[in-house]
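Subject: Handing over a structure

Dear colleague,

I am passing on the structure below, together with an account of what was found in it.

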Amino acid sequence: MYVSECQDPSSLSTDVVQGNLLLCSYSIRFVLGLSTIKQALETAKNLTAVGVVFYMDPYVIGFQLNPTPMDMPGMIIPSASDSKILLKYYNSSLEQDSVTNTFKFGATATILGGLKANYSNSAPNVMYYSARGPDPEDSFLDDADILKPNLIAPGNFIWGAWSSVGTDSLEFQDESFAMMSGTSMAAPHVAGLAALVKQKFPSFSPSAIGSALSTTASMHDKKGEPIMAQRAYANPDLNQSPATPFDMGSGFVDVTSALDPGLIFDSSFDDYFSFLCGINGSGPVVLNYTNQNCGNSTINGRDLNLPSITIAKLNQTTTVERVVTNTAGNETYNLSWFAPYGVSVLVTPKRFFIESGQKQVITVTFNATMNSSAASFGRISLYGSQRHIISVPLSVIYKISYNITENS
């Protein structure tokens, strides 16, 4: 039996619903909290239905459903297109009772088990709703010389649990725990991986842990192809292209490799403090959170010792330094790179030997070869003789190869 959102049992006939599945609309009112699945389930139980099927209203666009507890057989069809197929089948199977002049579903429906894992699709890929870089403060791209996102991790249809007391959703009230899927679930996954890295390297700073996860991340899916990024809500699997660092940062986390990173890029509290103090007007905020006043020593984002290099505005040429620390045994590294489009890049040294625990300075010089406001990307790779591979993404947004002047 079908009736709108199934919030009011008085509008339904027990004789029609009894022993049948109740078909309900999951509308925008559910998203806004004006209607609830709990109330629909109460309606179904009051009318002695054997189960509930929720179909997705076509006006609910881009909403990510989370696992929802049900105390009776039930399911939610999360796809509007699949819901249309169900409704078409439902409408074609209606039967009218000539005595009561009521309609009821004349076909048979069965609620089976859950989804099976589909290992045929390419994975991972970046969902259309996942946040993208860059991360500028304003249209002038000030303070945007830091790569965002840092990396990607499991999120979509990867369930994370937390206390039901900490959620405002009515669906989880009185439940033992709540669950959520989505890009936000990448964060606790990375936190868990960071704990594993910290366990193996107790002396690692947060920056060093982030470096180990980033420089060892994978840029390829399980088939060995470039990770793809969805570009649109409509038919997302048909609207995708290779992911850039502004889609996936350094790539997809690989904890096995992160536990043996070889080289790390480390930054201290003082480095980040100097960077924050260099942001215009940040002094009071920094004082509030650190109880320290900003001094005269400041640095910009590109000079933080990060495992990536992002240049928001390349005015002809600039040179950036990075310092790597060897966390493994003695090793020789060979460097190779490809430059972002519209930029020439020179990295020195091209080869170096580094002892365990020692540091090595790497200098990267960027030269704009054209004027462009389109972001372009490159990468530096360090190949160690002990099979360590370190990857450093390069991102350049505005490129100015020469100054344009006018004669009057």
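The protein chain has 10 helices and 19 strands, and please bear in mind throughout that the model is a predicted one. As for its overall dimensions, the C-alpha atoms of the protein chain fill a box of roughly 90 × 65 × 50 Å when this is taken along the principal axes. The radius of gyration of the protein chain is 28 Å, whereas a compact globule of 408 residues would have one near 22 Å. Of these 408 residues, 39% count as buried.

Next come the disulfides, of which the structure holds 2. In general terms, a disulfide is a covalent bond between the sulfur atoms of two cysteines. If the bonded cysteines of the protein chain are numbered in sequence order, the pairing reads 1-2, 3-4.

One of the disulfides joins Cys 6 to Cys 24, with an S to S distance of 2.0 Å. This pair links distant parts of the chain, since Cys 6 belongs to the segment before α1 (14-17) while Cys 24 belongs to strand β1, and the two are 18 residues apart. The torsion about the S-S bond of Cys 6 and Cys 24 is about -105°, and the disulfide is therefore left-handed. Cys 6 and Cys 24 are both buried.

The other disulfide is formed by Cys 277 and Cys 294, whose sulfur atoms are 2.0 Å apart. Here too distant parts of the chain are linked, with Cys 277 in helix α9 (residues 269-277) and Cys 294 in the loop between α10 (283-290) and β12 (309-315), 17 residues apart. The link of Cys 277 and Cys 294 is left-handed, with -80° about the S-S bond.

I turn now to the spaces within the model. The second largest pocket contains about 430 Å³ of space. Its lining is made up of 20 residues, and those that lie nearest the centre of the pocket are Leu 21, Val 53, Leu 86, Phe 105 and Ala 109. The elements that give two or more residues to this lining are β1 (21-26), β3 (74-77), α4 (80-92) and β5 (103-105). By type, the residues of the lining of the second largest pocket divide into 16 nonpolar, 3 polar and 1 charged.

The structure also holds 1 cavity of 30 Å³ or more, and about 40 Å³ of space lies in the largest cavity. Which residues line the largest cavity? They are Phe 265, Ile 309, Arg 322, Ile 362, Val 364, Ile 380, Leu 382 and Val 392. Of the residues in this lining, 7 are nonpolar, none is polar and 1 is charged. At least two residues of the lining are supplied by β17 (359-368), and at least two by β18 (376-384).

Strand β13 (residues 317-326) runs antiparallel to β17 and is joined to it by 9 bridges, and strand β15 (residues 343-348) pairs with β17 in the antiparallel sense over 6 bridges.

With kind regards

Conventions: Residues are numbered from 1 along each chain as its sequence is written. This is a predicted model: local features need pLDDT of at least 70, side-chain atom pairs count only at pLDDT 80 or more; totals for chains, interfaces and linings use all residues. Side-chain values use heavy atoms; hydrogens and water are left out. On a 1 Å grid over the protein atoms alone, a cavity is a set of points where a 1.4 Å probe fits but cannot get out, and a pocket is an open set with protein on both sides within 12 Å along at least five of seven lines; lining residues have an atom within 4 Å of a point. Grid points are joined across faces, edges and corners, and a volume is the space filled by probe spheres set on the points. Helices (H or I, at least four residues) and strands (E, at least two) are DSSP runs, numbered from the N terminus. Ala, Val, Leu, Ile, Met, Phe, Trp, Tyr, Cys and Pro count as nonpolar, Asp, Glu, Lys and Arg as charged, and the others, Gly among them, as polar. A disulfide is a pair of cysteine sulfur atoms within 2.5 Å. Buried means under 20% relative accessible area, exposed over 50%, partly exposed in between (1.4 Å probe, protein chains only). Two strands pair if DSSP finds at least two bridges between them. The radius of gyration is taken over C-alpha atoms; the globule rule is 2.2 Å times the number of residues to the power 0.38.
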